[in-house]
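Welcome! Keep the picture open beside you as you read.

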Amino acid sequence: MEGKAKEEAGKGGVIDTWLRKHRLIYIGATRHPFILAIRDGTVNYSSFKKWLGQDYIFVREFVAFAASVLVKAWKESDDSKGDTEVILGGMAGLHDEIAWFKKEASKWGVELSETVPQKANQVYCRFLESLMSPEVDYTVAITVFWAIEAVYQESFAHCLEPDTNTPPELQEVCQRWGNDGFGQYCHSLKKIANRLLEKASDDLIMGKAGDDVLKKAEVELIRVLEHEVEFWNMSRGTA
Ligand SMILES: Cc1ncc(CN)c(N)n1
């Protein structure tokens, strides 16, 4: 109960413990030079346009991953049924997001139909596909889902803080993921993931767990952060 009480208070939970333990890669993913360049208004627009095209490709893949997490939540016996509304809300957001990418791409003269996935994007998408398999536990999948959303929320919210120099023409991009509503949605995902991770840790202590779901969730979380760093790096690449 203690873990749950702490998590409810928003103080702790398994995820916050892991973010402290892996704080370097978490900072690498959420305070990347690409994001810092947007924040101080020095971002190079060809880097930004490269990121825009690549992220559109990623989001198309992420829709399928989100659907696979929805199915896993639906299959769960316990009160995960309630989780499907949160995940569905996220998918509705992705629907708006795709329309937004098309509008934003035409604003910047980025031809999405001609954009090809760069290496880091291909690798990240293959990683997502591997986690869509039914063998991957819901606890692992929802932890990954939270991490992917949280990296963007933390990164772009950073650009919206007071006394930043985010250019006006990039405010809308930052608002898309940095706004409070998206922050609330990420918090809802984090609560779901922490609930399941606490349960997995109790099962482990009781010797009930089959394969170590807790360890796999931690490993995949770190992999998400590493893929996010490579994704940001890609936008700075000259290739
Ligand atoms: C690479 C990446 N990571 C996360 C998000 C937020 N769904 C995104 N749009 N793109």
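The mean pLDDT of the protein chain is 92, and 92% of its residues reach 70 or more. This is a predicted model, and the predictor gives the complex an ipTM of 0.99 and a pTM of 0.93. One word of care for any prediction: where pLDDT is low, the coordinates should not be read in detail.

**Helix H8 and helix H11**

- Start with H8, which covers residues 138–158, and find helix H11, residues 213–236.
- The two helices pack at an angle of about 35 degrees, and their axes are 9 Å apart.
- H8 passes H11 in a right-handed crossing.
- The residues of this contact divide into 15 nonpolar, 3 polar and 3 charged.
- On the H8 side you can look for residues including Thr139, Trp146, Ile148 and Phe156, while the H11 side includes Val213, Leu221, Val224 and Trp232.

**Helix H8 and helix H5**

- H8 also packs against helix H5 (residues 45–75), here at an angle of about 145 degrees and with the axes 10 Å apart.
- The crossing of H5 and H8 is left-handed.
- Sorted by type, the residues in the contact of H5 with H8 are 15 nonpolar, no polar and 3 charged.
- Among the H5 residues that take part are Trp51, Phe58, Phe62 and Phe65, and among their H8 counterparts are Tyr138, Ile142 and Phe145.
- Ile148 of H8 is listed in the contact with H5 and also in the contact with H11.

- Is Thr139 buried or exposed? Its relative accessibility is 7%, so Thr139 counts as buried, the cut-off being under 20%.
- Not counting residues up to four places away in sequence, Thr139 touches Leu196, Leu197 and Val213.

**Glu97, a residue in helix H6**

- Glu97 is found in H6, which spans residues 83–108.
- Glu97 counts as buried because its relative accessibility is 7%.
- Which residues is Glu97 in contact with, leaving aside its neighbours within four places in sequence? They are Val59, Arg176 and Trp177.
- The side chains of Glu97 and Trp177 are joined by a polar contact of 3.3 Å.
- Glu97 and Lys208 lie 111 residues apart in sequence, and their C-alpha atoms are 41 Å apart in space.

- Gly41 sits in the loop between helix H4 (33–39) and H5.
- With a relative accessible area of 37%, Gly41 is partly exposed.
- Leaving aside neighbours within four places in sequence, Gly41 is in contact with Asn165 and Pro167.
- Gly41 and Asp212 are 171 residues apart along the chain, and 45 Å separates their C-alpha atoms.
- Asp163 lies in another loop, the one between H8 and helix H9 (168–178).
- Asp163 is exposed, with a relative accessible area of 75%.
- Now look at the backbone: phi of Asp163 is near 45 degrees, a positive value in a residue other than glycine.
- For background, most residues other than glycine have a negative phi.

Technical notes. Residues are numbered from 1 along each chain as its sequence is written. This is a predicted model: local features need pLDDT of at least 70, side-chain atom pairs count only at pLDDT 80 or more; totals for chains, interfaces and linings use all residues. Side-chain values use heavy atoms; hydrogens and water are left out. Helices (H or I, at least four residues) and strands (E, at least two) are DSSP runs, numbered from the N terminus. Buried means under 20% relative accessible area, exposed over 50%, partly exposed in between (1.4 Å probe, protein chains only). Contact means heavy atoms within 4.5 Å. Axes are lines fitted to C-alpha atoms, for helices over the stretch in contact, and angles run from 0 to 180 degrees between N-to-C directions. A crossing is left-handed if the near helix is turned anticlockwise from the far one by less than a right angle, and right-handed if clockwise. Ala, Val, Leu, Ile, Met, Phe, Trp, Tyr, Cys and Pro count as nonpolar, Asp, Glu, Lys and Arg as charged, and the others, Gly among them, as polar. pLDDT is the predictor's confidence in each residue, from 0 to 100. A polar contact is a pair of N or O atoms within 3.5 Å; within protein, one must be able to donate a hydrogen and the other to accept it, and residues adjacent in sequence count only if both atoms are side-chain atoms.
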